[in-house]
Amino acid sequence: REGAPRLAAGAVAARLAIRLGIGRSEGAILIASAAGAGLAAMYNAPLGGAAYAVELIMVAGMRRRGALVAVPVCLIAMLVSWLHSHGHPTFEIASPGLSSGTALGLVLLVPVAAAVGVGARRLWSWMLAHRLRVPRWLPAAIGAAGLVTGLASLWVPPIVGNGRDAMEMALGTGLPGASNSPVGAGLVLLVGIVVLKPVLTGLTLAAGATGGRLAPSLAAGSSAG
């Protein structure tokens with residue numbers, strides 16, 4: 001859901017850059033900004049899309065100029081997406097009120113989210129560096145990784161998929177046991193997602209499969225929060 005719009009927008013931008021005779025460096029900025037715009041349109045998050053374009057796609061030397069392009073392009077993409085979504089948020093928050101306790105929790109969450117993000121990124125980088133590269137073993141390896149993931153999902157169902165189920169559960173929509181026991185089954189599932197989602201995603205990458213790491217990051221981060 002989030003990968004296809006990024007690829008499609010980047011491909012269209014690449015074709016336009018060639019047709020219009022845009023220079024190589026300017027064209028690269030346009031392509032990166034378009035990819036971020038695809039993300040911004042899907043998640044209704046222009047600053048997130050711009051940050052993705054600048055930090056993960058653009059290379060050193062183009063980021064300062066690129067930010068000046070990425071931010072307005074992502075804003076335009078979000079506004080265009082409102083023709084279909086009417087501006088509704090991607091994820092509904094059960095109780096959006098901001099109290100002093102919530103504000104303090106946000107501050108305390110920063111180092112936790114940073115630790116989860118850095119740990120997951122290092123794990124995935126290591127797994128990718130040591131991934132299986134023998135083609136004939138790919139079916140068996142990917143099948144084994146899928147089997148392990150499937151077995152784990154019998155105890156923690158939200159760990160499968162792209163992470164949207166985990167994100168919604170973390171936000172309180174359908175949180176098991178949320179109304180009865182906030183430290184019960186729901187909390188156990190959230191802790192399971194924080195631990196298992198990065199590990200199983202890394203295992204799948206090490207087995208030779210390809211896929212995005214953006215949505216698994218959202219799942220682990222929201223569950224940690």
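Helix H5 contributes eight residues to the lining of the largest pocket, the largest share from any element. This pocket belongs to a predicted model, and its volume is about 1,000 Å³. In total, 32 residues line the largest pocket, and those nearest its centre are Tyr-52, Leu-56, Arg-213, Leu-214 and Ser-217. Besides H5 (100-129), the elements that each supply at least two lining residues are H2 (24-43), H3 (46-57) and H9. By class, the lining of the largest pocket comprises 19 nonpolar, nine polar and four charged residues.

Two of the helices that line the largest pocket, H2 and H3, also cross one another. Their axes come within 7 Å, at an angle of roughly 145 degrees, and the crossing is right-handed. On the H2 side, the contact is formed by Ala-32, Ser-33, Ala-35, Gly-36, Leu-39 and Ala-40; on the H3 side, by Pro-46, Gly-48, Gly-49, Tyr-52, Ala-53 and Ile-57. Eight residues of this contact are nonpolar and four are polar, with no charged residue among them. Tyr-52 of H3 takes part in the contact with H2 and is also one of the residues nearest the centre of the largest pocket.

A search of the whole structure for cavities of 30 Å³ or more returned one. The largest cavity holds about 50 Å³ of space. Its lining consists of Arg-1, Glu-2, Tyr-43, Phe-91, Asn-162, Gly-163, Arg-164, Met-167, Ala-215 and Leu-218. Two or more of these residues come from each of H7 and H9 (214-224). The lining of the largest cavity is made up of five nonpolar, two polar and three charged residues.

The mean pLDDT of the protein is 86, with 92% of residues at 70 or more. Helix H6 (residues 138-153) has the highest confidence, with a mean of 95, whereas helix H7 (residues 164-170) has the lowest, at 77.

Definitions and conventions
Residues are numbered from 1 along each chain as its sequence is written. This is a predicted model: local features need pLDDT of at least 70, side-chain atom pairs count only at pLDDT 80 or more; totals for chains, interfaces and linings use all residues. Side-chain values use heavy atoms; hydrogens and water are left out. pLDDT is the predictor's confidence in each residue, from 0 to 100. Helices (H or I, at least four residues) and strands (E, at least two) are DSSP runs, numbered from the N terminus. On a 1 Å grid over the protein atoms alone, a cavity is a set of points where a 1.4 Å probe fits but cannot get out, and a pocket is an open set with protein on both sides within 12 Å along at least five of seven lines; lining residues have an atom within 4 Å of a point. Grid points are joined across faces, edges and corners, and a volume is the space filled by probe spheres set on the points. Ala, Val, Leu, Ile, Met, Phe, Trp, Tyr, Cys and Pro count as nonpolar, Asp, Glu, Lys and Arg as charged, and the others, Gly among them, as polar. Axes are lines fitted to C-alpha atoms, for helices over the stretch in contact, and angles run from 0 to 180 degrees between N-to-C directions. A crossing is left-handed if the near helix is turned anticlockwise from the far one by less than a right angle, and right-handed if clockwise. Contact means heavy atoms within 4.5 Å.
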